Every structure is written in C-alpha cells, then in structure tokens.
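Biologist: I have not looked at this structure before. Please take me through it in questions and answers.

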Amino acid sequence: MRFFSWYYHDLIFNKIKRFQCSPVYAGLFSATNKFELTPDIRAVLAPYIGKFGSFGESDISYNVFVFHYTYPGVEGMDYTELWMEIIKDFGPVKLKFELTPTLNDWFGVEGWTGINYAVHPSKTFANGITVLGSIGYQELSGEGAEGWAHWNLGVNKDFYGLHIVLRYHDSDVDSSHKVYGSEQGRQIFDERFVFSVSKSF
C-alpha cells in the first residue's frame, strides 16, 4: 500500500509493505517526516507484527500488534509501542477502542512512558461514504512530561480503486504545554485538514 497525505504546504509520502498469514501479519511502514522541532528527523521506518481475530463466536473482534519506530540517521530516539484494539458494531455504528502503551522510553527520553487511550467511531452509508472520527488522550509520564487530548473528524470513500480520506485534526496543546508549548512544537499539533489517497496492490 502506498499513500500520500497533504496538509497546508506539506506533502508526506508513506508506504506500507504487509505480509499476512491469517490471522498473523507483519510489515514495514515507511514515511517522510519533517518538523522544525526535530530537524534531524527526515523519515521514519517502522517494522511491525500483529494478530487479529474475534473472541469466540462473538461479534467482538481484536487487533494487537507491536510497532517499532526507528529514525534513520538519528540516534537514541527509537521506541516501541504495543497497539491493542477492540472493535464492535453497535447497530449502524462501529466503535473501535484503542489502548497503546509504550514498551520502552518514549522517543528515547529516559524515564518517559506513554499510553494513548482513544475511541474511534465510524458509520458507512449506502452510497459508500464513511463518516469517521476519533477522540483520545495521550498520557505522558516522567519528569517534565505532560499529556494531551486529541481528536479528529472526517470522511472517506473508495473511488476507482483509490481510498480517499479527508480529516480535520486538532488537540488541546497550547503555549503552556510543558513538552510542545514552543512555536515549533505547536506546529505539530495545530488544527489542520489532512487529505490522503492510498491504493493497495
């Protein structure tokens, strides 16, 4: 799968290679990445491995995977997360519940650990358009650390083999935030629209 995302003046290219032997899968995520706060980071490579399935005969499914972030050319910032997701349909609305703790020092900062809590609702209409959103909180613990709330809302649709998504993203990060309160830090979390197009091969 390859896709690009656009927001404001930035163009981000992502690529995912995935190999699956149901219900186990593994892959490699790669993307360009550029922020003024971390000028040495220009890309991310992230191998992952996971498993999906359902709980017995129930309509509740799960997806669990380990995702390891690496930043080529930058030392000491690699870290690993464990993604745990539970998915269930409530009538016409699908809900995905996410719990994602770090397994080592967050971004390599000694003593910092994080857990992301999020709920992702979505609804697909008869015309194939899906309305989807997310609301969550990234907990960040350690000396000088501070978490933040985040949310997004958008639509997606498959169109001639392409998966098209438009989302609005925002957070509660402001100038008083201990970690991202600088002008450069706030640029990462400022409100924005993100448009992405992806295609599976």
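Biologist: How many salt bridges does the count come to?

Modeller: This is a predicted model. A pair is counted when a side-chain nitrogen of Lys or Arg is within 4 Å of a carboxyl oxygen of Asp or Glu. By this rule the count comes to 2 salt bridges.

Biologist: Which residue forms a salt bridge with Lys 88?

Modeller: In this pair the closest N and O atoms are 3.0 Å apart. The pair links distant parts of the chain, with Lys 88 in strand β6 and its partner in the loop between β4 and β5, 29 residues apart. The partner of Lys 88 is Asp 59.

Biologist: Is Asp 59 buried or exposed?

Modeller: Exposed means over 50% relative accessible area. Asp 59 has 51% relative accessibility, so Asp 59 counts as exposed.

Biologist: And which class does Lys 88 fall in, buried, exposed or partly exposed?

Modeller: Buried means under 20% and exposed over 50%, with partly exposed in between. Lys 88 has a relative accessible area of 21%, so Lys 88 is partly exposed.

Biologist: Which residues does Lys 88 touch, not counting those up to four places away in sequence?

Modeller: Lys 88 lies in strand β6. Besides its salt bridge with Asp 59, Lys 88 lies over the face of Phe 90, at 5.5 Å from the ring centre. Not counting residues up to four places away in sequence, Lys 88 touches Asp 59, Ile 60, Val 93, Lys 94 and Leu 95.

Biologist: How far apart are the C-alpha atoms of Lys 88 and Pro 121?

Modeller: Along the chain, Lys 88 and Pro 121 are 33 residues apart. The separation of their C-alpha atoms is 9.9 Å.

Biologist: Which residue forms a salt bridge with Lys 96?

Modeller: The closest N and O atoms of this pair are 3.9 Å apart. Lys 96 is in strand β7 and its partner in strand β6, 11 residues apart.

Biologist: Over which ring does the charged end of Lys 123 sit?

Modeller: A charge counts as over a ring if NZ of Lys is within 6 Å of the ring centre and within 35 degrees of the ring normal. The charged end of Lys 123 is 5.0 Å from the centre of its ring. The ring belongs to Phe 125.

Biologist: What separates the C-alpha atoms of Gly 91 and Lys 123?

Modeller: Gly 91 is in the loop between β6 and β7, and is exposed, with a relative accessible area of 66%. Gly 91 and Lys 123 are 32 residues apart along the chain. Their C-alpha atoms are separated by 9.7 Å.

Biologist: Is Thr 102 buried or exposed?

Modeller: Thr 102 is found in the loop between β7 and β8. Leaving aside neighbours within four places in sequence, its contacts are Tyr 79, Thr 80, Glu 81, Thr 113 and Gly 114. With a relative accessible area of 12%, Thr 102 is buried.

Biologist: Why do the rings of Tyr 168 and Phe 193 count as a tilted pair?

Modeller: The structure holds 22 aromatic pairs. In this one the ring centres are 5.3 Å apart. Planes under 30 degrees apart count as stacked, over 60 as edge-to-face and the rest as tilted. The planes of Tyr 168 and Phe 193 are at 55 degrees, so the pair is tilted.

Biologist: Which strand holds Phe 193?

Modeller: The pair links distant parts of the chain, 25 residues apart, with Tyr 168 in strand β11. Tyr 168 is partly exposed at 22%, whereas Phe 193 counts as exposed at 51%. Phe 193 is in strand β12.

Biologist: How many residues has the largest nonpolar core?

Modeller: In soluble globular proteins, nonpolar side chains tend to be buried together. Here, the residues with the most contacts inside the core are Phe 29, Phe 67, Tyr 71, Trp 106 and Trp 148. Strands β3, β4 and β5 each supply at least two residues of this core. The largest nonpolar core has 22 residues.

Biologist: How many strands does the chain have?

Modeller: From the N terminus on, the elements run β-β-β-β-β-β-β-β-β-β-β-α-β. The secondary structure includes 1 helix. The strands number 12.

How values were computed:
Residues numbered from 1 in each chain as written. Predicted model: local features only at pLDDT ≥ 70, side-chain atom pairs only at ≥ 80, totals over all residues. Heavy atoms only, no water. Phe/Tyr/Trp six-rings, centres within 6.5 Å; stacked < 30°, edge-to-face > 60°. Helix = DSSP H or I, 4+ residues; strand = E, 2+ residues; numbered from the N terminus. Buried < 20%, exposed > 50% of the residue type's maximum accessible area, 1.4 Å probe, protein only. Core = buried A, V, L, I, M, F, W, Y, C linked by side-chain atoms within 4.5 Å. Contact = heavy atoms within 4.5 Å.
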